[in-house]
Amino acid sequence: MKSHRRSLNLFKKSSRLIPGGVNSPVRAFKAVGGRPLFIEKAKGAKIYDVDGNSYIDYVLSWGPLILGHAHPRVVNALKNAAERGTSYGAPTGLEVKLAEMVTSLYPSMDMVRLVNSGTEATMSAIRAARGFTGRDKIIKFEGCYHGHADGLLVKAGSGAATFGVPDSPGVPKSYAKNTITLPFNDIDSVSSVVKKEHRNIACIILEPVVGNSGCVLPKVKFLKGLRKITKQYGVVLIFDEVMTGFRVSLGGAQEYYGIKPDMTCLGKVIGGGLPVGAYGGRKDIMSVIAPEGPVYQAGTLSGNPLAMTAGIETLKVLSGKGVFKKIEKKAALLEEGLKDAAKRAGARTRFYRAGTMFCTYFQDGSVHDFETAARSDKEKFARFFREMLEGGVNLAPSQFEAGFMSLAHTDKDIERTINAAYRAFRKC
Ligand SMILES: *Cc1c(COP(=O)(O)O)cnc(C)c1O
């Protein structure tokens, strides 16, 4: 058994100082039992805890580190950038460079505003959509996470449209009542709500592949239907590609599925491990943002040179010839191996992958929305998770999180992962 003594001691201390001992709830091991590991360092595909254990990492800081941890080119660029000062509160050429890279990879984005997190990106995109349309309501989908801004922490009950039940205490009902939540992949429910309510609906926001319910793939008919109906009624279509951007393909899910949204939110990979988010889209919509227009949105550290440098360098490496394909191939290799291991071990699982993100559901039914994802056996997943950790593989501590592949994972890492998975599948 691996020792986790030092992690445990740090957790005891941190629990007195920080709510739940962590600075983001998903980091606690609540869904899988046990205590979180405290990390000392990471390099390439490996992460090392404070007790000296090493793990092959598929969390990758929850998605950003598509080149692996501490990629030499990113680290060197950051060292050089830090020497020149970490923030000026004035515009730099680096921001122009990153904006140029992003808009060329995402042709749907005529203009882009850089922020510090995915939460800021979605919150601001929705504000822009409301300012642009003069409407208040938004439609989101069950199981999609768009950051922790008040009006977005709303879930749906079962059945048809559920209007405004806050998911978290502290979110006023008056806020939540402007959020309509519908089931993912169900175009008919969207049609009927939009037809009835379109005069009040500013935007529809979605994760085009739902990474926050594991890895739920969209029906092409659903995405096409959303594009058609939003165009018809002047509703702004927002793709939240904070996770899927640079992951499903270099140009995100919109490139992969060939759908052009009005607005796009980016985060995670765009910052290469530093805090960066971005929102952008059609010029006429983005022109409402201050100081060009009246919709206010600002940030003391937005576009700071360190964060820009990590983003630019990451996207440079990632856009290199054949690099994305190479990462995707590694993910395909892992997919094949995990499916085969589950089969040999007699485990009832269902595997989904979109480019370089993936999820193993502990059930054999098909998963196409939150309700079907939720049918997974969470106890089995928890056992699997703990066995994998013991076998030297770090997965996200929840059935409803995606796993991520990086450029740094070697064939040997993947083979070790598959072997560990076979042993873990046998035990659950
Ligand atoms: C992670 C995530 C966010 C929130 O981003 P933060 O940087 O954590 O604020 C928003 N939307 C999606 C789809 C995400 O995966």
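Setting aside neighbours within four places in sequence, threonine 244 is in contact (heavy atoms within 4.5 Å) with Pro208, Val209, Ser249, Gly252, Ala253 and Met357. This is a predicted model, where local features need pLDDT of at least 70 and side-chain atom pairs count only at pLDDT 80 or more, while totals for chains, interfaces and linings use all residues. Residues are numbered from 1 along each chain as its sequence is written, and side-chain values use heavy atoms, with hydrogens and water left out.

**Around threonine 244**
- Threonine 244 sits in the loop between β9 (236-240) and α8 (252-257); helices (H or I, at least four residues) and strands (E, at least two) are DSSP runs, numbered from the N terminus.
- Threonine 244 counts as buried because its relative accessibility is 1%, and buried means under 20% relative accessible area, exposed over 50%, partly exposed in between (1.4 Å probe, protein chains only).

**The cores**
- A nonpolar core is a set of buried Ala, Val, Leu, Ile, Met, Phe, Trp, Tyr and Cys residues joined through side-chain atoms within 4.5 Å.
- The largest nonpolar core has 66 residues, and Tyr58, Leu98, Phe246, Leu318, Phe384 and Phe425 have the most contacts inside it.
- To this core, α11 gives the most, with 9 residues.
- Apart from this core lies another, of 42 residues, including Val190 and Tyr257.
- Leaving out residues up to four places away in sequence, leucine 98 touches Leu114, Ile270, Val276, Met308, Gly311, Ile312 and Leu315.
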